[in-house]
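Here is a short briefing for a reader new to this structure. Look over the sequence and the model first, then take the topics in turn.

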Amino acid sequence: MCGRFVRHSSLELIEKTFTVDRPAFEATQSYNIAPTQAVLAVVRNGRASLVQLNWGLVPSFAKDLSGAARMINARSETLATKPSFRNAFRKRRCLIVADGFYEWSGPKGQKQAWYITLPRAGPFGFAGLWEIWRPNDPKTEHRTCTIITTDASPGLRDIHNRMPVILQAGAYDAWLDPANQDAERLRQILQNDSHVEFKRTAVSSRVNYVGNTDAGCIEPLQGDADEHHAQA
């Protein structure tokens with residue numbers, strides 16, 4: 001799963017990485033993005049653009065927003081069949097911008113936090129879905145998203161059995177294309193065009209508290225000897 005992540009890259013670098021224009025809004029960096037908070041995502045409607053979405057997908061048929069925190073992740077294996085995700089899987093896919101994510105291992109009460117990134121530093125895109133939910137007021141709408149997960153790479157399985165799908169840059173166009181509605185082709189992108197090598201670093205429990213959003217969250221533990229590359 002993915003329950004917290006990091007986005008600290010400048011808008012200039014994000015624009016260059018995803019080949020998008022600078023948005024009209026400002027995007028504040030955070031080293032501890034939590035469910036239901038605003039995230040930065042790349043969507044395509046004619047051309048690719050940066051937008052802000054709230055993390056925790058709310059299906060269009062939902063009665064209210066109360067279930068958002070339970071829909072922060074979507075299993076890649078059931079995207080085409082689960083009612084909450086299947087329409088978005090066909091028509092509203094996105095890339096959720098990040099620089100790394102957190103996971104925890106160990107027994108309850110003694111869990112070790114890990115900061116996980118790609119081997120080469122820089123922003124990347126979680127494969128995601130987004131939706132529009134409208135209350136009774138037709139002038140109001142809420143745009144939400146979820147991060148797609150898959151079986152963890154062998155090098156991360158000792159931490160958790162699931163991980164977010166991080167797409168390779170060459171797959172961005174096909175994933176974002178709303179005309180691409182072939183479920184099998186989309187599954188192949190998730191399976192074959194995602195990153196499987198990662199760098200992981202043990203970090204302190206500061207990340208456990210959502211109010212801590214500074215760079216101290218990703219500082220390696222002093223004397224940590226377990227910073228290494230996790231490979232397939």
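Ser 9 is buried, with a relative accessible area of 13%; buried means under 20%, exposed over 50%, and partly exposed in between (1.4 Å probe, protein chains only). This is a predicted model: local features need pLDDT of at least 70, side-chain atom pairs count only at pLDDT 80 or more, and totals for chains, interfaces and linings use all residues. Residues are numbered from 1 along each chain as its sequence is written, and side-chain values use heavy atoms, with hydrogens and water left out.

- Ser 9 sits in the loop between strand E1 (5–7) and helix H1 (11–18). Helices (H or I, at least four residues) and strands (E, at least two) are DSSP runs, numbered from the N terminus.
- The side chains of Ser 9 and Asp 99 are joined by a polar contact of 2.6 Å. A polar contact is a pair of N or O atoms within 3.5 Å; within protein, one must be able to donate a hydrogen and the other to accept it, and residues adjacent in sequence count only if both atoms are side-chain atoms.
- Beyond its neighbours within four places in sequence, Ser 9 is in contact (heavy atoms within 4.5 Å) with Ile 14, Asp 99, Gly 122 and Pro 123.
- Ser 194 lies in the loop between H4 and E13. Ser 194 also counts as buried, at 11% relative accessibility.
- The Ser 194 side chain reaches the backbone oxygen of Leu 190 at 3.2 Å.
- Setting aside neighbours within four places in sequence, Ser 194 is in contact with Val 165, Ile 166, Leu 167, Gln 168 and Ile 189.

**Helix H2**

- Helix H2 covers residues 83–91, and Ser 84, Phe 85, Ala 88 and Phe 89 are buried in it.
- Viewed down the axis of H2, the buried residues fall within an arc of 110°, so they line one face of the helix. The arc is that of the directions from the helix axis to the C-beta atoms.
- An α-helix has 3.6 residues a turn, so residues three or four places apart point the same way.
- The buried residues of H2 pack against strands E5 (73–75), E6 (93–98), E9 (124–133) and E10 (142–151), and against helices H3 (172–176) and H4 (183–192).

**Nonpolar cores**

- The largest nonpolar core has 30 residues. Such a core is a set of buried Ala, Val, Leu, Ile, Met, Phe, Trp, Tyr and Cys residues joined through side-chain atoms within 4.5 Å.
- Phe 5, Val 39, Leu 53, Trp 55, Ile 96 and Phe 126 have the most contacts inside this core.
- Strands E3 (38–45), E4 (47–55), E6, E8 (112–117), E9, E10 and E13 (198–203) each supply at least two residues of this core. E9 gives the most, with four residues.
- Another core, of 29 residues, lies apart from the largest one; Leu 11, Ala 74, Leu 79 and Leu 186 are among its members.

**Salt bridges**

- The structure holds 11 salt bridges. In each, a side-chain nitrogen of Lys or Arg is within 4 Å of a carboxyl oxygen of Asp or Glu.
- Arg 92 and Glu 131 meet through their side chains in one of them (2.9 Å, N to O). Arg 92 is in the loop between H2 and E6 and Glu 131 in strand E9, so the pair ties together parts that are 39 residues apart in sequence.
- Glu 131 is buried, with a relative accessible area of 5%.
- Asp 158 and Arg 200 form another salt bridge between their side chains (2.8 Å, N to O). The pair links distant parts of the chain: Asp 158 is in the loop between E10 and strand E11 (162–164), Arg 200 is in strand E13, and they are 42 residues apart.
- Asp 158 is exposed at 54% relative accessible area, whereas Arg 200 is buried at 5%.
- Arg 187 pairs with Glu 184 in a salt bridge, the closest N and O atoms being 2.9 Å apart. Being three residues apart in helix H4, these two are separated by about one helical turn.
- Arg 187 is partly exposed, at 34% relative accessible area, and Glu 184 is partly exposed, at 39%.

**Cysteines**

- The whole structure has zero disulfides, a disulfide being a pair of cysteine sulfur atoms within 2.5 Å.
- For Cys 2, the nearest cysteine sulfur is that of Cys 145, 11 Å away. Cys 2 is buried, with a relative accessible area of 0%.
- For Cys 217, the nearest cysteine sulfur is that of Cys 2, 14 Å away. Cys 217 is buried, with a relative accessible area of 0%.
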